[in-house]
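Look over the structure first, then read the points below.

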Amino acid sequence: MTNMTITGRFTREIEVKAVGEHKVIENTVASDEGRDKTTFIDVKIWNRQTEVVEKVLAKGSFVILNGRVEQENWEKDGQKRSKLVLVVNQVTLPPKSEQSGGGG
């Protein structure tokens, strides 16, 4: 299992979806690497953490996420596809001064 911590800003509004008895937020975090380079990382946030994220954060909010990297595989139009996703196990909210500002 590969653990990773990322920092960045949500690229879409926060939307909680029901998956059976569970809740999930699927979003993308834009992580600024400097020198005009941004990495986009797909993330999934599950269950109790979705409540906090939904109440406190929005599109553009700066966040620190820690979790495990998983590979998702599927088939579309006869083509096998895959992508890496960060399945979040810890959400850290930065100081309020960083929430609305330009850093990230």
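Is Lys83 buried, exposed or partly exposed? Lys83 counts as partly exposed, because its relative accessibility is 33%, between the 20% and 50% limits. Keep in mind that this is a predicted model.

**Strand pairing**
- Strand β1 (residues 2-10) runs antiparallel to strand β5 (residues 62-76), and eight bridges join them.
- Within that pairing, Gly8 has Val63 of β5 as its bridge partner.
- β1 also pairs with strand β3 (residues 22-34), again in the antiparallel sense, over two bridges.

**Salt bridges across the chain**
- The count comes to six salt bridges.
- One of them joins the side chains of Asp42 and Lys83, at 3.3 Å from N to O.
- That pair links distant parts of the chain: Asp42 sits in strand β4 (residues 37-46) and Lys83 in strand β6 (residues 79-92), 41 residues apart.
- Asp42 is partly exposed, at 24% relative accessibility.
- Lys23 and Glu51 meet in another salt bridge, 3.8 Å from N to O.
- Lys23 is in strand β3 and Glu51 in helix α1 (residues 48-56), so this pair ties together parts 28 residues apart in sequence.
- Lys23 is partly exposed, with a relative accessible area of 38%, and Glu51 is partly exposed at 36%.

- Glu26 and Lys17 meet at 3.9 Å, N to O.
- Glu26 is partly exposed at 34%, and Lys17 is partly exposed at 37%.

How values were computed: Residues are numbered from 1 along each chain as its sequence is written. This is a predicted model: local features need pLDDT of at least 70, side-chain atom pairs count only at pLDDT 80 or more; totals for chains, interfaces and linings use all residues. Side-chain values use heavy atoms; hydrogens and water are left out. Two strands pair if DSSP finds at least two bridges between them. Helices (H or I, at least four residues) and strands (E, at least two) are DSSP runs, numbered from the N terminus. A salt bridge is a side-chain nitrogen of Lys or Arg within 4 Å of a carboxyl oxygen of Asp or Glu. Buried means under 20% relative accessible area, exposed over 50%, partly exposed in between (1.4 Å probe, protein chains only).
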